[in-house]
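Hello,

Here is the structure you asked to look at. My notes follow below it.

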Amino acid sequence: MEEVKNTRVMFKDYIQGYPKVSDMVVTSDTTICLEIPDNIVDQILTKNLYLSCDPYMRGRMNRTLEQIYTTSFIPGRVMSGYGVVKVIETTHPDFKKGDLIWGLTNWEEYSLITNPTKSLIKIQDTNVPLSYYTGILGMPGMTAYAGFYEICKPKKGDKVFVSAASGAVGQIVGQLAKLFGCYVVGSAGSNEKVDLLKNKIGFDEAFNYKEEPDLDAALKRYFPDSIDIYFENVGGKMLDAVLYNMSVHGRIAVCGMVSQYNLNPYDGIQNLIYLILKCIRMEGFLVTDYYHLYPEFLATMLPLIQQGKITYVEDTVEGIENAPAALVGLFSGKNVGKQVVLIARDN
Ligand code: NAP
């Protein structure tokens, strides 16, 4: 039986504060057999093609996990996350050799996956870049779709504000909102990202929050008549400033609070009273509650992509050894677009 080297990213130990590259260890000291013995049933062996770096993975580096939809990483064990993989061996009746699938896999070159139907979805349409299944056609895309339509409940003409707007989720929310007939403004952490939002992704306006000493004044510049919908990705000072600038009966979809993930204690919010004074509906959500919408989501998104009505910006690093730095980079805004790690091309 053929044995090959299997480079893996191991989680070192639980952390506090900002993650560092040294919190993960890349090792090539294990091998994997590229055949599954016949007596091992219902397993698939995958060649991992793309890995996704996602902010929620920071929560998995905590000993105690506040997120309820996933588990902490285990010190000394291989890390896991979303990815796009190819089946190279299978003893599971629902999968065949060559199938391309996306979902949860390990941060390694090859994975032996038990119970694959629980965590992996078969890719039917390959007329788009495969990496899109880590982003616009995967978990972040579903998040944008569910958050915008189900939580924000948009109306044509609504004035929409999106934070972390150039990221994996934000850039999709902005484009869905534009297609819906909304006025859309995004914030991002560099002038390059602002330029991208305005000139490639199609936001009406965008600003660099790091160059705004007064976020309230910045928001008033773009929303002199207040914000109808806020798609919240960052929390902290931005949320406080937004609360003060919301419309009566405005809606806030709380998708994430990336500015808070490395802090303990969290930043206090001063302006929550505006939830009452302006009758704002603020609702948190997890994408995992919305995967039943995946077929409907795919039927909406694929044509939009194929007809060029929606675009997607990715930031791809090559090589599994670069995955730790790519993940850490999310928390200083290094990524320009969806952060993907290319491990192997499908050929
Ligand atoms: P992303 O935007 O592609 O990457 C993270 C971005 O966050 C960075 O590029 C950076 O952009 C920004 N950021 C980092 N530190 C920040 C800080 N201190 N203050 C303000 N911005 C900061 O990530 P994503 O995958 O699209 O995720 C966006 C949000 O959605 C995250 O909060 C994530 O946890 C959340 N999310 C939630 C769900 C759910 O089910 N509810 C699912 C997926 C994602 P800048 O350069 O613009 O600062």
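N115 is partly exposed, with a relative accessible area of 46%. The model is a predicted one, and in it N115 sits in the loop between strand 8 and helix 2 (116–119). Its phi is near 60 degrees, a positive value in a residue that is not glycine. Most residues other than glycine have a negative phi, and most peptide bonds are trans.

K153 also has a positive phi, of about 45 degrees, and is not a glycine. The loop that holds K153 runs between helix 3 (139–152) and strand 10 (159–162). With a relative accessible area of 48%, K153 counts as partly exposed.

The peptide bond between N264 and P265 is cis, with omega at about 5 degrees. P265 belongs to the loop between strand 14 (246–254) and helix 8 (274–277).

E108 is in a loop as well, between strand 7 (100–106) and strand 8 (110–114). Its relative accessibility is 3%, and because the cut-off for buried is under 20%, E108 counts as buried. The side chain of E108 makes a polar contact of 2.9 Å with the side chain of R8. Another polar contact, of 2.7 Å, links the side chains of E108 and S111.

Now the ligand. The shell around the ligand draws residues from domain 1 (3–135 + 313–342) and from domain 2 (139–288), so the ligand lies between the two. There are 26 residues around the ligand, and those that come nearest are K193, Y209, Y261, V287 and N335. By class, the shell consists of 17 nonpolar, eight polar and one charged residues.

A polar side-chain atom of K193 is 2.5 Å from a ligand oxygen, and for a polar side-chain atom of N335 the distance to a ligand oxygen is 2.5 Å. Taken alone, the ligand exposes 900 Å², of which the protein buries 92%.

As for the chain as a whole, it has 10 helices and 17 strands. Its radius of gyration is 21 Å, close to the 20 Å that the globule rule gives for 347 residues, so the chain is as compact as a globular protein of that length. The C-alpha trace spans about 70 × 45 × 35 Å along its principal axes. Of the 347 residues, 56% count as buried.

Regards

Note on methods:
Residues are numbered from 1 along each chain as its sequence is written. This is a predicted model: local features need pLDDT of at least 70, side-chain atom pairs count only at pLDDT 80 or more; totals for chains, interfaces and linings use all residues. Side-chain values use heavy atoms; hydrogens and water are left out. A residue is near a molecule or strand if one of its heavy atoms lies within 4 Å of it. A polar contact is a pair of N or O atoms within 3.5 Å; within protein, one must be able to donate a hydrogen and the other to accept it, and residues adjacent in sequence count only if both atoms are side-chain atoms. Accessible areas come from the Shrake-Rupley method with a 1.4 Å probe; for residues, only the protein chains shown count as cover. Ala, Val, Leu, Ile, Met, Phe, Trp, Tyr, Cys and Pro count as nonpolar, Asp, Glu, Lys and Arg as charged, and the others, Gly among them, as polar. Domain bounds come from an automatic or database domain assignment. Helices (H or I, at least four residues) and strands (E, at least two) are DSSP runs, numbered from the N terminus. The radius of gyration is taken over C-alpha atoms; the globule rule is 2.2 Å times the number of residues to the power 0.38. Buried means under 20% relative accessible area, exposed over 50%, partly exposed in between (1.4 Å probe, protein chains only).
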